[in-house]
Every structure is written in C-alpha cells, then in structure tokens.
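Colleague: Please take a close look at one helix pair in this model. I want the geometry and the residues that make the contact.

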Amino acid sequence: MAVHTKHPASAPPEAPAREKTGHLMLRAWCIFVLFTALSGVAWVLAFGEAIAAGVAIIGGLVSLLLWFVIRPQVQWRRLPLFSLGYVAWAGLSILWSAWAQTSALTWLLLIITTLQGFFVGSVLTWRELVRAIASALKWVLALSFAFELSVSLFLGHAVMPGFAPIPEGKVDPIVYWSRNNLLDGGRIQGILGNANLLGPLCLLAIVVFAIRLASGAPRRILLWIWIGLAAYLMIRAGSATSYVAAAGVAVVLTTVLLMRRTRRPGERTPYYIAYAVVGIGGLIAFWLFHAQLFALVGRESDLTGREGIWDVVLAKAWERPWTGWGFATPWNPADPAFDRWIVDHGQTVMQAHNMWVDVFLQLGIIGVVLIAMTYLAFVWRAWFFAVDRPRWDLRDDRPYSPLSLLPTLVGAILLVQGISESSPLLLWGWMFVVMFSFKIKQSPHIGVGPAEQTLAIERGELTKQAP
C-alpha cells in the first residue's frame with residue numbers, strides 16, 4: 001500500500017486550480033472593453049454613430065454595475081489625481097463652452113473611457129491585464145486583415161462606411177472605409193478606416209506580443225505569427241507616425257535594459273545623459289531634416305497639411321488662451337461651430353492633429369498644464385516601474401519582470417503619436433494612460449500590493465506569501 005506524506009519528495013502532485021466560470025466571464029468582458037477602445041471608430045464606420053454611442057454607454061453601465069457587484073479592493077487615496085483633474089476641468093468647461101452640446105456629449109465619452117480604465121485596472125492582475133490587451137489586439141488585427149482580404153477577394157472595389165453605395169463622380173479616397181489596396185500594394189486601413197490609426201496600433205501589438213514572449217507565455221509559435229501579422233499590417237499601413245514611434249520605442253527599450261544592468265549608485269547617470277543627448281539630438285534632427293525624412297516615406301514636408309491646420313487652430317485658441325473654447329474631443333462635424341470650419345480633402349476635420357494644440361484650443365493653458373502633468377506623472381511612474389528592481393522588503397535581488405516594460409513603452413508610442421494626432425486624448429490612448437497610471441499606483445510591483453496580491457492569490461497566481 002502506498003503511503004503519502006506531506007514531504008515534497010513524496011506528496012502527490014496537485015493539479016493547478018481551475019479558474020471559476022465567473023472570473024472567465026469577467027476577463028472576457030474586459031477583453032471586449034479593451035477591444036472596443038482599441039477598435040475605436042470601427043464601430044461608427046460599421047454600424048453608425050447611434051449604435052456606436054449605445055455600445056459605449058451600455059458598456060460603461062455594465063462595467064459600473066460589475067464594479068459594485070465585485071467590489072475590487074481600491075486604495076482611494078492612491079488615484080491618478082492629475083487625470084481626474086483633467087476630466088473635471090473638461091466637464092467644467094461646459095459652463096463657458098462655445099459648443100456646449102458637443103462638450104457635454106464628448107465629456108460623457110471621456111467619463112466612460114476613464115471609468116473603463118479604472119475598472120479594468122482594478123479587476124485584473126498585471127499578468128491578466130497584459131494577457132487581455134494581447135487578446136483584444138488579436139481581434140483588431142485579425143478582423144482588419146480579414147476585412148481587407150474580403151474586400152479585395154469578394155467585392156473588388158473600395159467600400160464606403162456602413163457599406164453604403166459609392167457616390168457618383170470623383171470620390172476622394174479619404175472617405176472610403178477600405179480602399180481595396182490589399183492586393184495592389186497601396187496603403188491599407190483595416191477596420192479602423194485610417195492607416196494613421198492602424199499603424200501605431202500594430203506597433204502596440206508588436207510590443208505587447210513581444211512582452212508576452214519574454215514573460216514565458218505559452219503557444220510561442222502562435223505569438224510569433226501574430227507579431228508577423230502585426231508587422232505586415234504596420235508596413236502596409238505606411239504610417240510615418242508609427243515609424244517614428246517605433247524608433248522612440250527602440251530608444252526607450254534600450255535605455256531601460258541598460259538601466260537594469262546597473263548595480264551601484266551613480267551608474268545610471270551616464271545612461272541618463274546619453275538618453276537626453278539622443279532624445280534632444282533626435283528632436284533637433286527631426287526639426288532640421290523633417291522634409292527629407294518625410295520624403296523617404298512618401299509624405300509631404302508639412303506633415304500632410306497638418307501645419308496649416310495647426311495655424312488655424314492656434315489662431316483661434318489664442319482668442320481664449322486661459323480657459324479655451326470648451327471641451328470637444330473629438331470635434332463634432334454636425335455642430336455648426338465645426339461644420340466646414342477646417343476642410344481637408346473635402347471633409348470636415350475632426351481634430352487638430354496634435355494633442356497639445358487640441359487641448360490648448362479646448363481647455364486653454366490650464367488644460368495644457370493639466371494634460372502635461374497627467375502625462376508627466378504617468379511617464380515618471382511608468383519609467384521607474386520599468387527600471388527599478390522589484391523591492392518591498394530587505395531583499396534586493398528579485399528578477400525584473402518583462403511585464404513592467406509595457407507602461408513606459410506605451411507612453412513612448414502615445415507621446416510620439418500625439419505630435420501628429422489627437423488620438424492619445426480619447427479611446428484607447430486615454431484609457432491606457434488612466435488604466436496604467438491607476439494600476440501602477442495601486443500595485444507598484446507585479447503580484448504585490450493589497451489589491452494586486454488579493455486578486456493573484458484568489459486566482460492561483462501567487463501563494464499567500466509573495467515571491
């Protein structure tokens with residue numbers, strides 16, 4: 001008769017704890033929330049503004065209800081205050097807004113996006129969060145490729161939003177949802193209907209999948225295939241912004257990895273100096289040679305007309321320099337204040353194509369200070385979250401986690417994207433800033449901290465004593 005004891009050498013192995021159905025459904029909901037933010041305007045292009053707004057509002061209400069039901073542990077004194085300050089100032093601007101209805105509608109979108117960021121960050125551990133982001137990105141990439149392939153193989157012509165009939169006469173390609181370019185070598189737009197939005201999203205996917213690989217995720221061959229698909233779509237999108245952002249990610253990643261190799265006080269100083277020289281030198285080189293750089297990637301030297309848009313927006317912003325004209329992210333083309341105000345390729349422009357210029361127009365210098373502090377606080381915490389060795393007691397030899405790289409690399413992507421787009425102010429850009437700022441303050445170490453550790457223990461990621 002076999003006799004077992006509690007000694008590790010003879011104790012029978014135990015099967016890993018299975019996740020409860022309720023938690024699997026919660027994680028699936030978080031993936032849907034992340035997919036909704038990442039896919040962004042795809043909902044509008046596919047189903048129209050009314051349905052897209054309904055999905056956003058209902059999604060926010062469901063998450064709010066789940067938050068009250070689950071009651072995740074939250075340290076309320078450790079909220080990202082600058083983010084909340086920006087949201088509050090945006091709401092207050094409705095009182096003096098020149099487009100009050102648009103301000104109210106877009107502020108509701110900002111509230112929902114902020115809520116979703118807090119919700120996802122509070123109910124998932126760091127490991128689950130990165131895994132959920134990867135799953136949501138897979139859906140965006142797969143649907144984008146499948147959509148472009150279906151258009152080329154089965155329709156054979158460009159597609160209008162909502163599959164509406166193509167108008168007679170000459171149509172500017174900017175209005176198409178898909179330009180049917182997958183097989184002819186032109187730029188593709190995916191379900192987002194915009195190559196300049198698809199490119200940075202593909203870069204984000206490459207970063208997330210690579211981090212999953214570095215952290216020892218299963219099904220590694222499939223992850224390499226997803227990285228290949230993301231790289232292919234990024235190249236085919238041909239977004240100059242995504243190429244510049246990729247260079248920024250490479251610089252930040254290299255610096256972080258070098259910082260992690262230091263052992264003594266003062267060793268990081270040379271790296272910080274080199275990092276500053278490379279960063280400042282890169283900005284100066286970009287400013288002096290931007291015409292040649294954009295010519296290499298087939299873009300106009302004025303950032304495809306963006307400089308003209310900035311001039312018009314800045315001229316109006318200086319009329320109300322301190323408080324701005326009222327929150328409006330994005331601009332509502334149905335509002336008389338924006339309808340045909342700035343026209344590009346025959347279409348009403350819906351953003352300033354620079355997040356700093358956009359905030360200055362809407363919320364004035366006060367708003368610019370608040371958004372700058374929001375990003376400064378986020379980048380600061382994300383940086384030290386990545387470069388500092390995990391330590392919460394006397395032990396100082398714990399290994400770094402690849403997962404801690406994600407927030408600082410996301411910050412690099414968003415800051416570069418914010419030069420030519422206002423996307424970091426809404427949808428996945430704003431949600432990720434809020435979500436990571438909240439998560440780092442609540443759980444400054446992977447698997448450690450009251451909220452993080454409680455969730456991890458419940459789900460079998462940790463024993464009752466942190467590793």
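Modeller: Start with the chain as a whole. This is a predicted model. Of the 467 residues in the chain, 49% are buried. The chain has 15 helices and 2 strands. Among contacts with a separation of 6 or more, 73% come from residues 24 or more positions apart.

Now the pair itself. Two packed helices are described by the angle between their axes and the distance between the axes. Take helix 6, residues 126-155, and helix 7, residues 195-214. Their axes come within 10 Å and cross at roughly 135°. Angles over 145 degrees would count as roughly antiparallel, and 65 to 115 as roughly perpendicular. Helix 6 and helix 7 are therefore oblique to each other. The crossing of helix 6 past helix 7 is left-handed.

Next, the residues. Helix 6 contributes Val130, Arg131, Ile133, Ala134, Leu137, Lys138, Val140, Leu141 and Ser144. Facing them in contact from helix 7 are Leu198, Leu201, Cys202, Leu204, Ala205, Val208, Phe209 and Arg212. By class, the contact of helix 6 with helix 7 holds 13 nonpolar, 1 polar and 3 charged residues. The spacing has a simple background. An α-helix has 3.6 residues a turn, so residues three or four places apart point the same way.

For reference, look at another helix. Helix 9 covers residues 240-259, 20 residues in total. Helix 9 reaches 29 Å from its first C-alpha to its last, close to the 28 Å expected. Its buried residues include Ala245, Val249, Val252, Val256 and Met259.

Conventions
Residues are numbered from 1 along each chain as its sequence is written. This is a predicted model: local features need pLDDT of at least 70, side-chain atom pairs count only at pLDDT 80 or more; totals for chains, interfaces and linings use all residues. Side-chain values use heavy atoms; hydrogens and water are left out. Axes are lines fitted to C-alpha atoms, for helices over the stretch in contact, and angles run from 0 to 180 degrees between N-to-C directions. Helices (H or I, at least four residues) and strands (E, at least two) are DSSP runs, numbered from the N terminus. Angles under 35 degrees count as roughly parallel, over 145 as roughly antiparallel, 65 to 115 as roughly perpendicular and the rest as oblique. A crossing is left-handed if the near helix is turned anticlockwise from the far one by less than a right angle, and right-handed if clockwise. Contact means heavy atoms within 4.5 Å. Ala, Val, Leu, Ile, Met, Phe, Trp, Tyr, Cys and Pro count as nonpolar, Asp, Glu, Lys and Arg as charged, and the others, Gly among them, as polar. The expected span of a helix is 1.5 Å times one less than its number of residues. Buried means under 20% relative accessible area, exposed over 50%, partly exposed in between (1.4 Å probe, protein chains only).
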